[in-house]
Amino acid sequence: MAVSVPGYSPSFKKPPETLRLRRKRARSGGDAAAPSPALPEPAPRRAALAAGLPLRPFPAGPGRSGFSAAARRNPFARLDNRPRVAAEPSDEAPERILESVQENDLQWDEMSPERAALTGFPQTPQVSLSKADSPSAESAELPVDWSIKTRLLFTSPRPFTWADHLKAQEEAQGLVQHCRAAQVALPQSIQDPKLCTELRCAFQQSLVYWLHPAVSWLPMFPRIGADRKMTGKVNPWAEDETLQHISMSDWSVSFTSLYNLLKTKLCPYFYVCTYQFTVLFRAAGLAGNDAITALISPTTRGLREAMKNEGIEFSLPLIKENEQKKESSGTSLGHEEEQPVSDEDEEESFSWLEEMGVQDKIKKPDTLSIKLRKEKHEVQMDHRPESVVFVKGINTFTLLNFLINCKSLVATSGPQAGLPPTLLSPIAFRGATMQMLKARSVNVKTQALSGYKDQFSLEITGPVMPHALYSVTALLRSSQKGAFSAGLYPHEPTAVFNICLPADKEVQKEVVHKELANCGLHLKTVDQLSQIPLLGKSSLRNVEMSNYIYSWRS
């Protein structure tokens with residue numbers, strides 16, 4: 001006999017029972033429902049089926065909710081909107097797949113003939129590799145790279161803890177070794193780098209560079225495109241003309257001191273970094289040249305005209321190289337690089353107007369427009385790597401005086417107003433300040449197939465000049481037992497300094513070693529810098545060492 005309980009309803013059901021009933025109701029409704037007539041397929045779907053495209057089945061029956069109306073198609077969905085599988089096995093032969101792809105491409109071209117006209121590219125698969133993806137070269141030594149790096153990131157399966165927390169004695173010894181240009185010979189492999197005092201001192205020695213002017217609250221490198229970083233910083237030179245005159249006078253003394261050291265082969269090279277361009281001065285014997293050389297990049301037509309007016313003889317090596325290639329290939333100049341037209345050609349082009357007697361009715365172009373058209377090809381290469389200027393021999397001294405007296409060398413407005421250019425050198429010079437590249441090591445866990453493994457990295461930031469790159473890689477060769485990789489981040493305007501320049505005669509290696517023995521660099525580094533550059537307009541981007549063999553990409 002049922003006992004009545006107050007507040008109890010016999011129709012109450014627990015949630016699982018309710019869900020079970022709904023499932024049964026949905027199944028019974030689906031079985032009892034009569035099959036609805038097939039809906040007509042849309043015209044685009046019929047066209048796609050006729051073309052042989054695999055499509056999802058068109059909804060012809062009632063949906064899950066139980067109503068018999070046709071499901072509304074998403075107008076933004078593709079006809080073939082199946083999810084893509086990364087590695088989906090296919091039963092079709094490769095030849096059949098290729099034929100279907102080509103057939104679909106052909107149908108797509110026929111359906112939209114304006115596609116090829118808009119893109120202008122052939123409808124072929126993009127299988128060609130870019131320059132950065134090209135196969136890397138391998139050698140026991142790195143090629144010479146004259147670009148300035150802003151960051152180096154080394155990774156290795158062995159830790160870099162030996163580069164951290166140098167003792168006071170090791171730091172002092174490294175600075176003394178740099179000032180005295182001491183050369184340290186390390187073994188090919190070091191068992192315990194953290195206990196090797198010579199390695200830690202040599203690492204400190206390789207991080208030193210010299211700078212002028214030195215302003216602790218302003219980033220002095222890079223100068224090109226540095227306005228955003230300097231915005232809001234205190235600049236006492238901006239409106240004080242007396243301070244500008246004093247700072248430029250000190251800068252001229254430092255610049256002259258550097259050139260004299262370069263001329264006497266006590267300095268291998270140095271950089272002059274302005275807010276518009278960068279200049280690289282190299283001593284005789286480096287980069288395969290037997291005289292002092294200077295490269296300026298990027299330049300403008302105004303700067304080149306000013307150098308011509310000062311009597312500085314220079315050349316445009318990349319423009320000359322392009323002209324020689326065109327002459328050898330026998331191709332004419334394109335519409336973007338028109339040949340300059342002479343004055344006689346211009347006069348002849350208007351002589352037919354006088355013969356017809358309508359020379360007064362037709363307006364001739366003025367002299368300025370004719371001049372601008374002649375110099376069109378010169379203006380087009382401004383601020384580009386092709387505008388690099390090459391100065392050699394005694395003309396470098398004239399360039400020195402030109403840069404000292406050039407008023408446009410210093411910005412007149414903006415965050416860099418009144419700030420002299422930055423001088424960077426691997427050795428000390430008059431008025432220079434000793435600076436250190438910032439180095440820090442980081443240990444992280446990276447995911448591997450069997451779990452997690454330790455990944456050790458060493459980051460070096462600052463103006464990394466060529467000698468520092470080769471010194472650090474030589475140290476890592478011994479400390480990491482010939483196994484490490486590196487990502488290099490160059491200052492892009494200086495990458496063009498790796499172009500191969502014409503040389504009058506071949507420079508002997510023994511002569512270079514003898515003449516540059518007191519330049520303040522290791523003889524192996526001097527040997528590297530005396531090589532002929534082979535990287536062209538690019539620079540080293542990735543370097544990897546395995547079994548003491550280098551491989552790199554540019």
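Q: Buried means under 20% relative accessible area, exposed over 50%, and partly exposed in between (1.4 Å probe, protein chains only). Which of these does Q508 count as?

A: Q508 counts as partly exposed, because its relative accessibility is 45%. This is a predicted model, where local features need pLDDT of at least 70, side-chain atom pairs count only at pLDDT 80 or more, and totals for chains, interfaces and linings use all residues. Residues are numbered from 1 along each chain as its sequence is written, and side-chain values use heavy atoms, with hydrogens and water left out.

Q: Where is Q508 in the chain?

A: Helices (H or I, at least four residues) and strands (E, at least two) are DSSP runs, numbered from the N terminus. Q508 lies in the loop between β12 (483-490) and α16 (509-515). In sequence, 218 residues separate Q508 from D290, yet their C-alpha atoms are 9.5 Å apart in space.

Q: Why is helix α6 described as largely enclosed?

A: Count its buried residues. Helix α6 (residues 197-206) has 8 of its 10 residues buried, so the rest of the structure largely encloses it. Those buried are L199, R200, C201, A202, F203, Q204, Q205 and S206. Their cover includes α5 (168-179), β3 (208-212), β9 (433-436), β10 (438-448), β11 (451-464) and α15 (466-479).

Q: How many aromatic pairs does the structure hold?

A: A pair of aromatic rings is described by the distance of the centres and the angle of the planes. Rings of Phe, Tyr and Trp (its six-membered ring) pair with centres within 6.5 Å; planes under 30 degrees apart are stacked, over 60 edge-to-face, the rest tilted. This structure holds 11 such pairs. One of them joins F255 and F270 edge-to-face, 6.1 Å centre to centre with 80 degrees between the planes. The pair links distant parts of the chain: F255 is in helix α8 (residues 241-263) and F270 in strand β4 (residues 269-273), 15 residues apart. Both F255 and F270 are buried. Y269 and Y271 also pair edge-to-face, at 5.8 Å and 85 degrees. Y269 counts as buried because its relative accessibility is 0%. Y271 is also at 0%, so it counts as buried.

Q: Which residues cluster with F255?

A: W251, Y259, F270, F281 and F397 form one aromatic cluster with F255.

Q: What is the angle between α8 and α14?

A: Helix α8 packs against helix α14 (residues 395-405) at about 170 degrees, with axes 11 Å apart. The two are therefore roughly antiparallel. On the α8 side, W251, S252, F255, T256 and Y259 make the contact. Contact means heavy atoms within 4.5 Å. Axes are lines fitted to C-alpha atoms, for helices over the stretch in contact, and angles run from 0 to 180 degrees between N-to-C directions. Under 35 degrees is roughly parallel, over 145 roughly antiparallel, 65 to 115 roughly perpendicular, the rest oblique.
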